[in-house]
Amino acid sequence: NSDLIQKTNERYRETLPNLPRGKGWMTEHLVQYQGVWLTPNAALKGLMWVQDHFKPRSTDIFLATFPKTGTTWLKALTFATFNRTRYGFADHPLLTTVPHGCLPFLDACPNDLDGFPSPRLLSTHIPYTLLPNSMTVNQSCRFAYICRDPKDVLVSKWLFMNKLRPKELAPISLEEAFELFCQGISHYGPYWDHVLGYWKASLETPEKVLFLKYEELKEEPSVVVKRLGEFLGHPFSLQEESEGVVEEIVKLCSFENLSNLEVNKWSVLKLLSTQITIDNRHFFRKGKVGDWKSYLTDEMVKRINEITSEKLLGSGLVF
Ligand code: A3P
């Protein structure tokens, strides 16, 4: 086993120097590996570990997202839906733990995973096309994916990254963030390729990949939560529906509720894989659809919309 880990470490050391480099959004630059932009340390190492060593189970359920598309929200909803008979709403873990603490990232906890009881609920930002066959074909895990209007993803990411940037560095300007995002140089980007990978998989194997949109979730949260329940293999019973369980989950996980909890206002999340500490409050900004209107110029909107139409052309997917 340690020989195999050694091999991955060698693969990493040999691969890294030859990868194209792009400007980072934080202190670290990004590297392009198999077409995808990643942080060289945490993300690339994590990905290689998953590709070489992760042992999926057919019962595994993943929450897959591109950063800033609604990861925190979908984590809360999935955790609450899946565990709804286990926890009461008055003393629910989500009232005292940030959603990221309830549903861990796959590549952030390699040592513990084998000990997790089935079915395992995990999350990942890895694009579908880079996942090993063992996850998508052989064991065929299930994936719940959420996407969002690229304009809102960009604005959310830009503001988030500036909050995480060390104080001694100047903030990234919107113009620069826009350029990087449009060129695809963004963690796990290009964004459009990420979305299309999961979109195509959801068309091919809808029972394995549930494709959701942030905007739909905002519009009709109860409808989406019911779909989520079915997908997770725990459909809501008529009795649960009449007792208002779906609405309780929606309320528990709402932006208003989560963002006002003490834990999400004052505590921090330690990301072990990166050594980075993030204030939980940064995961909750506005939670609105269309906030890009307050930031992007007409020219920016035109360009990003053109990229989106071009990239999604013929896919059947629209934003
Ligand atoms: P904004 O910056 O547009 O407000 P991620 O969780 O993938 O990092 O995405 C963060 C985005 O989701 C942020 O968007 C954040 O405010 C929003 N968000 C977090 N929790 C939410 C919730 N419970 N409901 C709706 N949006 C939420």
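Residues are numbered from 1 along each chain as its sequence is written. In this predicted model, local features need pLDDT of at least 70 and side-chain atom pairs count only at pLDDT 80 or more, whereas totals for chains, interfaces and linings use all residues.

Helix H3 (residues 71-82) packs on helix H10 (residues 221-231) at an angle of about 60°, the axes being 10 Å apart. Helices (H or I, at least four residues) and strands (E, at least two) are DSSP runs, numbered from the N terminus; axes are lines fitted to C-alpha atoms, for helices over the stretch in contact, with angles running from 0 to 180 degrees between N-to-C directions. The angle makes H3 oblique to H10 (angles under 35 degrees count as roughly parallel, over 145 as roughly antiparallel, 65 to 115 as roughly perpendicular and the rest as oblique). Leu77, Thr78 and Thr81 of H3 meet Val225, Leu228 and Gly229 of H10, contact requiring C-beta atoms, placed from the backbone, within 7 Å. The contact of H3 with H10 comprises three nonpolar, three polar and no charged residues (Ala, Val, Leu, Ile, Met, Phe, Trp, Tyr, Cys and Pro count as nonpolar, Asp, Glu, Lys and Arg as charged, and the others, Gly among them, as polar).

H10 also packs with helix H12 (residues 245-252), their axes coming within 9 Å and crossing at roughly 110°. H10 and H12 are therefore roughly perpendicular. Pro221, Ser222, Val225 and Lys226 of H10 contact Val246, Glu247, Ile249 and Val250 of H12, a set of five nonpolar, one polar and two charged residues.

Helix H8 (residues 191-204) has 14 residues and spans 20 Å between its first and last C-alpha atoms, close to the 20 Å expected at 1.5 Å a residue (1.5 Å times one less than the number of residues). Its buried residues include Tyr191, Trp192, His194 and Trp199; a residue is buried if 20 or more other C-beta atoms lie within 10 Å of its own, exposed if 12 or fewer, and partly exposed in between. Among the elements covering the buried residues of H8 are strand S4 (61-65), helix H6 (150-164) and helix H15 (298-312).

Thr308 is located in helix H15. With 19 C-beta neighbours inside 10 Å, Thr308 counts as partly exposed. Beyond its neighbours within four places in sequence, Thr308 contacts Pro150, Trp192 and Phe319. The C-alpha atoms of Thr308 and Gln183 are separated by 12 Å, although these residues lie 125 residues apart along the chain.

Note on methods. Two residues are in contact if their C-beta atoms, placed from the backbone, lie within 7 Å.
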